[in-house]
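Please open the model in a viewer and keep a selection tool at hand.

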Amino acid sequence: MDAYFHKKRVWVTGASAGIGRAVARELAQRGATVIASARNREALNQLTAECLPHAVLALPLDVADQHANLQAAQTIDERCGGLDIALFNAGTCEYVDVATFDSALFERMIRTNFLSMVYGIEAVLPLLRRSPHPHLAGMSSTVAYAGLPRAEAYAASKAAIKNMLEGLRIDLRKERIPVSIICPGFVNTPLTERNDFPMPFAVSAEEAARRIADGIAAQKEEIHFPKRFSLTFKLFSSLPSPLYTWIGSRLVRPS
């Protein structure tokens with residue numbers, strides 16, 4: 001698996017913490033040159049210091065800024081001579097309080113999670129088309145399979161990502177650009193520490209990073225884990241609507 005990433009130029013967004021940071025470290029250990037992006041410059045500098053010299057390059061940016069993405073791609077091209085793998089991981093999560101339904105929350109989720117990836121893909125496709133071994137990967141979620149209470153905005157953004165990447169996989173097939181959709185279950189990160197409900201089968205960020213790296217190396221179209229959770233949730237999403245609604249009403253409750 002390590003040979004797949006050896007000397008590959010990989011852009012990882014959302015690399016200042018959580019899954020993104022763990023993935024950046026994992027890929028650097030596997031021999032990739034990682035361009036790590038996030039808004040937190042200090043965290044990125046700390047990440048580069050923790051890895052082998054020149055294995056991780058810090059490239060701070062706001063992924064929700066279209067121009068910043070275009071400029072980042074240009075910088076990557078100038079500094080690295082191109083790009084082989086784009087892994088769009090940046091995102092956040094907010095939960096809906098239906099008693100005070102707020103459309104601004106939905107706008108934030110769509111801009112930060114979905115549109116940021118759209119901007120990134122727009123920026124990197126010309127670089128990937130020049131690579132002899134291109135690969136596009138994006139972070140969705142198991143919640144993309146079906147709606148959950150309180151997660152209406154977050155799940156909608158992740159479902160949009162999954163749907164978009166499925167279409168791109170077909171469109172880019174003739175150009176031989178593999179597309180991987182990453183659909184993790186619960187992962188222990190600073191973001192999920194705020195959850196006020198149980199997180200069954202949660203894995204560490206490091207375990208998630210290993211599974212993501214292995215999945216990309218195997219060119220899996222869909223990388224979902226942990227299987228005990230993701231397969232159960234896939235089955236759950238295929239239930240008849242009345243049964244799904246009845247079970248769903250008992251999920252994601254404060255512990």
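The model is predicted, so local features need pLDDT of at least 70 and side-chain atom pairs count only at pLDDT 80 or more, while totals for chains, interfaces and linings use all residues. Residues are numbered from 1 along each chain as its sequence is written, and side-chain values use heavy atoms, with hydrogens and water left out.

**The cavity.** Select T13, V63, F88, A90, S116 and M117, which line the largest cavity. A cavity is a set of points, on a 1 Å grid over the protein atoms alone, where a 1.4 Å probe fits but cannot get out, and lining residues have an atom within 4 Å of a point. The structure holds 1 cavity of 30 Å³ or more; the volume of the largest is about 40 Å³, taken as the space filled by probe spheres set on the points, which are joined across faces, edges and corners. Its lining has 4 nonpolar, 2 polar and no charged residues.

**S116.** Next, select S116 from that lining; this residue lies in helix α5, helices being DSSP runs of H or I with at least four residues and strands runs of E with at least two, numbered from the N terminus. S116 counts as buried at 5% relative accessibility, buried meaning under 20% relative accessible area with a 1.4 Å probe and protein chains only. The side chain of S116 reaches the backbone oxygen of T112 at 2.5 Å. Beyond its neighbours within four places in sequence, S116 is in contact (heavy atoms within 4.5 Å) with V63, A64, N69, A90 and R111.

**The cores.** Now select W11, L83, F88, I121, L136 and L165, which touch the most other members of the 51-residue largest nonpolar core. Such a core joins buried Ala, Val, Leu, Ile, Met, Phe, Trp, Tyr and Cys residues through side-chain atoms within 4.5 Å. Its largest share, 10 residues, comes from α5. Centre on I121: not counting residues up to four places away in sequence, I121 touches F88, L136, M164, L165 and L168. A second, separate core of 36 residues includes F5, A38, L44 and A217.

**S230.** Finally, select S230 in helix α8. Is S230 buried or exposed? S230 is buried, at 0% relative accessible area. Its side chain makes a polar contact with that of H224 at 2.7 Å, a polar contact being a pair of N or O atoms within 3.5 Å, one able to donate a hydrogen and the other to accept it, with residues adjacent in sequence counted only if both atoms are side-chain atoms.

Terms used: On a 1 Å grid over the protein atoms alone, a cavity is a set of points where a 1.4 Å probe fits but cannot get out, and a pocket is an open set with protein on both sides within 12 Å along at least five of seven lines; lining residues have an atom within 4 Å of a point. Ala, Val, Leu, Ile, Met, Phe, Trp, Tyr, Cys and Pro count as nonpolar, Asp, Glu, Lys and Arg as charged, and the others, Gly among them, as polar. Buried means under 20% relative accessible area, exposed over 50%, partly exposed in between (1.4 Å probe, protein chains only).
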